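Okay, thanks for coming, everyone. Let me put the structure up, and then I'll walk you through a few spots in it.

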Amino acid sequence: MANTQAELRPIADVARDLGIASEHLEPYGSDKAKIQLEALASAERPPGKLILVSAITPTPAGEGKTTVSIGLAQGLRKIGRRSALALRQPSMGPVFGRKGGATGGGASRLEPSNKINLQFTGDFHAITAAHNLLAAAIDNRLHFEDSMLDPRSVLWKRALDVNDRSLRRIILGMGGPGNGVPRESGFDITAASEIMAILCLADSPADLRARLDRILIGYTGEGRPVLAGEMGVTGSLAAILNEAILPNLVQSREGTPAFVHGGPFANIAHGCNSILATKMALAFADYAVTEAGFAFDLGGEKFFDLKCRVAGLNPSAIVIVATIRALKMHGGLALNALTDPDPSAVTRGLENLAAHLDSAAHFGKPTIVAINQFASDSREELEVVHAFCRGRKIASSTANVFGAGGNGATELAEFVVEATEAPATPYRPLYPLEWSAERKIERIAKVMYGADGVNILPGAEAKFRKARKLGYGSLPLCMAKTQDSLSDNPKLRGRPKGFTLTVRDVEIAAGAGFLVALTGEIVRMPGLPERPAAERIDVDDSGEITGLA
C-alpha cells in the first residue's frame with residue numbers, strides 16, 4: 001500500500017538511511033532539504049549503477065516517463081536493491097499550461113508534490129533572478145554608455161518561468177532617455193535559460209562561476225565577442241545561485257529517496273537534471289534512476305552527448321517507456337478512440353518504438369522496454385508489444401506503476417538488474433567533438449531522427465562560420481526540435497520518412513558549453529493552450545491546493 005503524503009517519513013530520516021550526515025543536510029521544513037556538496041566527498045561506498053529512463057515520441061495520450069522512473073526506483077527497493085532517483089524539477093510553465101503537475105502519478109509520485117510543482121526550494125526563482133540581473137546589468141551599461149557592447153548585437157534576453165507567447169519578441173527601453181536604450185529583445189522560459197543549463201552542468205561552485213563568466217552576451221561594433229564577466233556582476237549571479245546549486249532531497253510515496261534538481265526542457269535545451277544531483281544519487285545508492293526529457297531522440301541523445309560527455313558518466317542500462325495509448329496514436333488513431341481495443345493500431349505504432357530502439361542501440365547499452373500500463377489496455381494489445389520486443393531480443397515488462405507503485409515494477413526492476421550485471425560497455429558518444437557543427441547535425445538528424453538530410457539556412461550557416469572563427473567550433477550540439485515528432489514537423493507521428501531537417505538559426509551557449517541549433521518552428525518561450533491548467537487550480541478553505549494533478 002502506497003504511503004499518503006501525511007505518512008511520509010521526515011526528510012532527516014530519508015537522508016540518514018542514505019548515509020548522508022546530518023551536518024550536510026539543510027532542511028526546508030520536514031519534507032524536503034538541500035544537501036551540502038561536501039556530502040559527495042564523505043560517501044564511503046563505490047558509485048552505483050546509472051539507469052537512464054527515456055520514452056517514445058510524446059502524444060496527448062501520455063507516456064508517463066517520470067511515473068515509470070519513480071515506479072522503477074520503488075520496484076528496485078521492493079526486490080531488495082538500494083535505489084535513489086535523480087530527476088528534474090517541474091517548470092511552472094507547463095504546470096499552469098497544458099501538462100499540469102510533473103511529479104509522477106498515482107502510487108508512483110514524488111512528495112510533497114504540490115510544493116515540488118510550484119516554488120519548491122526556490123531554485124527556479126533564483127535562476128530567473130540571476131538571468132534577469134545580467135540582463136539589467138547589460139542595459140545599465142548601455143544606458144550610461146559605459147560599454148563597447150553594440151545595442152544591436154545584444155544576445156541576452158530575459159527569462160520568466162511562465163508560458164507567455166506575448167513575450168517572445170518585445171521592444172524595451174521605451175519612454176524616453178531615462179528609461180534606457182530602446183532595442184528589440186524578448187523572453188525565454190526559465191527552463192531554456194543558459195543559466196539553467198550552467199547550473200545543471202556545473203560540477204562545483206567554482207565551475208559555476210567560471211561558466212557564468214564565459215556567457216556570450218553580444219558583440220562590440222567591431223565584432224569582438226563580449227562575455228558576461230565583462231559586466232562585473234557574475235559574482236552577484238553566483239551569490240544568487242549559492243543555495244540553488246545544492247541538490248534537493250525529497251521522497252516518493254513509498255519513501256524512495258529522490259534528488260530533484262534542475263529542469264531544462266529537452267526540446268529547447270539539454271533536458272537533463274543536474275550533474276550534482278545525479279552524482280549524489282550514484283554516491284549513496286547502488287542504483288541511480290534518472291530520466292532524460294521527452295523522447296530518446298531528444299533527451300536521450302543529449303544525455304549521452306552533452307551530460308555524460310562533460311560529467312564522465314557511463315549509464316549501465318536504458319529503459320524506453322511506451323504506452324498502448326500512445327502507440328495507437330502513432331498508429332493513426334484519434335485521441336477519442338484510444339480506449340477501444342485495436343491491436344492493429346498498436347502494431348502500426350510500433351514503428352515509433354522501433355525508431356527509438358534503433359537510436360538507443362548506437363550508444364551500446366542494454367535496453368529494456370517498459371509498458372506503462374493503463375486500465376484500458378487489452379491483453380492482446382500488450383502481447384503485440386511483447387512479441388515485437390521478443391523478436392528484437394529486447395526484454396519488455398508491463399509496469400502497473402500508477403496503480404501498484406513499486407509492486408507493479410518488480411519484474412521491470414529484475415530485468416534492469418540483470419541488464420546491469422553484464423560487463424560494462426565503454427561510453428560511446430554519437431560524434432567526436434572535432435567534427436564540424438554541420439557534420440554533427442547531419443549525424444544526429446540521420447541517426448536519431450531518420451532524416452534523409454539537413455538543410456541549413458544561410459543565416460544559420462553564417463553563424464556556424466562565426467562560431468568557428470571565435471573558437472567555438474568544437475562544442476557539442478544541442479538540438480532545439482519539436483518533441484511531438486521525430487521530424488521537425490510536429491504533425492508527423494509514427495516514424496516519418498523522406499524528410500529533410502531544416503536548421504534556421506544558431507545560438508552560442510558558451511557558458512553551458514554547446515551550440516544550440518534551432519530547427520523548424522521551435523520557440524524558446526511556449527504559449528498557453530486555449531484552456532490552460534491554471535484554470536482548474538485553486539486553494540480550498542483549509543489551505544490545500546487542488547487541481548494540480
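**A walk through the model**

Let's start with Gly-221: setting aside neighbours within four places in sequence, Gly-221 is in contact with Met-148 and Asp-150, where contact means heavy atoms within 4.5 Å. Before I go on, the ground rules: this is a predicted model, local features need pLDDT of at least 70, side-chain atom pairs count only at pLDDT 80 or more, and totals for chains, interfaces and linings use all residues. Residues are numbered from 1 along each chain as its sequence is written, and side-chain values use heavy atoms, with hydrogens and water left out.

Back to Gly-221. It sits in the loop between strand S11 (216-219) and strand S12 (225-227); helices here are DSSP runs of H or I with at least four residues, strands are runs of E with at least two, and both are numbered from the N terminus. Gly-221 is exposed, at 58% relative accessible area. For the cut-offs, buried is under 20% relative accessible area, exposed is over 50%, and partly exposed is in between, with a 1.4 Å probe and protein chains only. Arg-152 is 69 residues from Gly-221 along the chain, and their C-alpha atoms are separated by 8.8 Å.

Now, buried or exposed: what about Thr-278? Thr-278 is buried, with 0% relative accessibility. Its place is in helix H10 (residues 275-284). Nine of the ten residues of H10 are buried, so the helix is largely enclosed by the rest of the structure. Among those buried residues are Ile-275, Met-280 and Phe-284. And what does Thr-278 touch, not counting residues up to four places away in sequence? The list is Leu-50, Ala-86, Asn-273, Thr-290, Lys-307 and Leu-313. Val-384, on the other hand, is 106 residues from Thr-278 in sequence and 35 Å from it in space, C-alpha to C-alpha.

One more buried threonine: Thr-59, with a relative accessible area of 10%. This one is in the loop between strand S3 (49-55) and helix H3 (65-78). Leaving out residues up to four places away in sequence, Thr-59 touches Ala-326, Met-329, His-330 and Arg-493.

Okay, helix packing. Helix H6 (residues 123-143) and helix H7 (residues 194-201) have their axes 9 Å apart, at an angle of about 125 degrees. Axes are lines fitted to C-alpha atoms, for helices over the stretch in contact, and angles run from 0 to 180 degrees between N-to-C directions. H6 and H7 are therefore oblique to each other. On the naming, under 35 degrees is roughly parallel, over 145 roughly antiparallel, 65 to 115 roughly perpendicular, and the rest oblique. On the H6 side you have Phe-124, Ile-127, Ala-130 and His-131, meeting Ile-195, Met-196 and Leu-199 of H7. By class, that contact has six nonpolar residues, one polar and no charged. Here Ala, Val, Leu, Ile, Met, Phe, Trp, Tyr, Cys and Pro count as nonpolar, Asp, Glu, Lys and Arg as charged, and the others, Gly among them, as polar.

H7 also packs on helix H8 (residues 205-214): their axes come within 9 Å and cross at roughly 150 degrees. So H7 and H8 are roughly antiparallel to each other. From H7, the contact uses Ile-195, Ile-198, Leu-199 and Leu-201, and from H8 it uses Asp-207, Leu-208, Arg-211 and Leu-212. This contact comes out as six nonpolar, no polar and two charged residues.

Cys-308 is buried, at 1% relative accessible area. For Cys-478, the nearest cysteine sulfur is again that of Cys-272, at 9.3 Å. Cys-478 is buried too, at 0% relative accessibility.

Most residues other than glycine have a negative phi, and most peptide bonds are trans. Now look at Phe-294: it is not a glycine, yet its phi is positive, about 55 degrees. Phe-294 is in the loop between strand S15 (287-291) and helix H11 (296-311), and it is partly exposed at 25% relative accessibility. Lys-393 has a positive phi as well, about 60 degrees. Lys-393 is exposed, with a relative accessible area of 77%, in the loop between helix H14 (379-391) and strand S18 (395-399). And the peptide bond from Glu-111 to Pro-112 is cis, with omega near 5 degrees. Pro-112 is in the loop between strand S6 (108-111) and helix H5 (113-117).

Note on methods: Disulfide = S-S within 2.5 Å.
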